[in-house]
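Reader: I have the model open. Walk me through the fold, please.

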Amino acid sequence: MADILHTSPSNWKYVSEGGATIVFSYKGPPNPHFDGTVLRLRKSIVPANGARRVARALTAQEEPDDPTIEYQTKCMEQLIPPEHLPRLETVSLNKEWLQKLSDLKDALRPEGRRAKDEIDLNRKKGVLATDLVGGNWVAVEIKPKWAFLPSPTHLSTETKSVKTQTCRFCMHSHFRSQEGEKVVTDYCPLDLFSGQKSRVLNAVNSLWNAWVASDATVNNLKIFSRGKFLRPSEAHAMLADNASQQTQLDTIRDAFAAALVRYLLQTPVLNILSRLQRNLDVLDIEGLSKLWKFTESSAPLYRTTFASFFEQTSDGPSSAPPSTPLGVSSLFLNAPEPGIPDWIDFLDQYLSSDQPELDHSSPSPKDLHYYLLSYLLSATFKDCSIIIRMEMLEPGTEPTADIRPESVTVIDLDPKSMDKLRGWEKLDKDIVRTYSSAQKKVCVDEWQTPR
């Protein structure tokens, strides 16, 4: 295990952060353990009243390694070729070192983030990973999102016409804009995943336009050059040293889009993510919810407890029986949080050629656990990001260098929690309800049948 405590916190440069983690890159003296690496740290919520809850910190022996490491090595590497995954390694931490790092770097974080969360000072372990943005290249981080339109099999009559015509991301963007958020309005993931040059180019240009309009605050596109996070006013930093620094922004955009599309069309990563998303989410959350309710209501204890709801009258059942929220364990139905052994067992079944094929059109209650984990895993691939490392831009010249497989890397492959399901079900209903009254956008899915 690399000893990061022998480095100075000042040697680590703030890069970026998401909802759960914050990332720093090593910029200290040459060190074979840390050159070309980033440190990924977990965050904790800042209490509303400013008071910190005092709790006994776990020892290094008690604290498990970050689950993303074991999850990647035992699960993700079965689904995504290792050359498209970052190197991950556990490093030891202590509170004093983390406090110094926080004191030095907190002012560099976005104000909105500082108000909500901070480095978790009680952590004894962090994750050392490949530095995908810090070299002599342009690094482009894209969060592609949902790659497909759902099968109509398990959709309600109210949602079928909407969900099979407009992709989830486009509907969600409309929903968020109605809530007053700044969103990417023109980008459609189905363009990005289409494999067609004109549509991929359209997706890249839409992401670029949103990047410019939002001053790089929209989350679906981030651009780095030689390790520096760029805003549109700094776009010239993407240019090679021999390129004119007077180059217009539109010219940089065209060179950027041409270079990026070349990578996106040649890498297998988008096809892999699309296939995994759709093949793992075969029921849609509506079908998963129906299976959940049917399985629960079939339990003997449930039928005994709520016998009165099943009593028939001349007008039919007395009323609808209650049901537990999707993914929430009860006396009638157990849905424990999956651990690594559960994910390994699931993948053994998912990848096995010997297992009998499930009938997704009529899912069985005995397969509920499989479908729950399948949906959670699909959600991981719907929410991941990819980083593309490109040569510095030279407008007006045709790129000739071969594209290496490791130039495109999938990141943010965290396992999703069972307790997310009920929130996702509610969000799905809210999104479709809001979009139903909007002018419909037609999103074209080139993969209408699973591959």
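Reader: Over how many bridges do β7 and strand β12 pair?

Author: This is a predicted model, where local features need pLDDT of at least 70, side-chain atom pairs count only at pLDDT 80 or more, and totals for chains, interfaces and linings use all residues. Residues are numbered from 1 along each chain as its sequence is written, and side-chain values use heavy atoms, leaving out hydrogens and water. Strands are DSSP runs of E, at least two residues, and helices are runs of H or I, at least four, numbered from the N terminus. Two strands pair if DSSP finds at least two bridges between them; β7 and β12 (residues 385-390) do so in the antiparallel sense, over five bridges.

Reader: Which residue of β12 is the bridge partner of Ile142?

Author: β7 spans 138-142. The partner of Ile142 in β12 is Ile386.

Reader: With which side chain does the side chain of Lys145 make a polar contact?

Author: Lys145 sits in the loop between β7 and α4 (160-163). A polar contact is a pair of N or O atoms within 3.5 Å; within protein, one must be able to donate a hydrogen and the other to accept it, and residues adjacent in sequence count only if both atoms are side-chain atoms. At 3.0 Å, the partner is Asp383.
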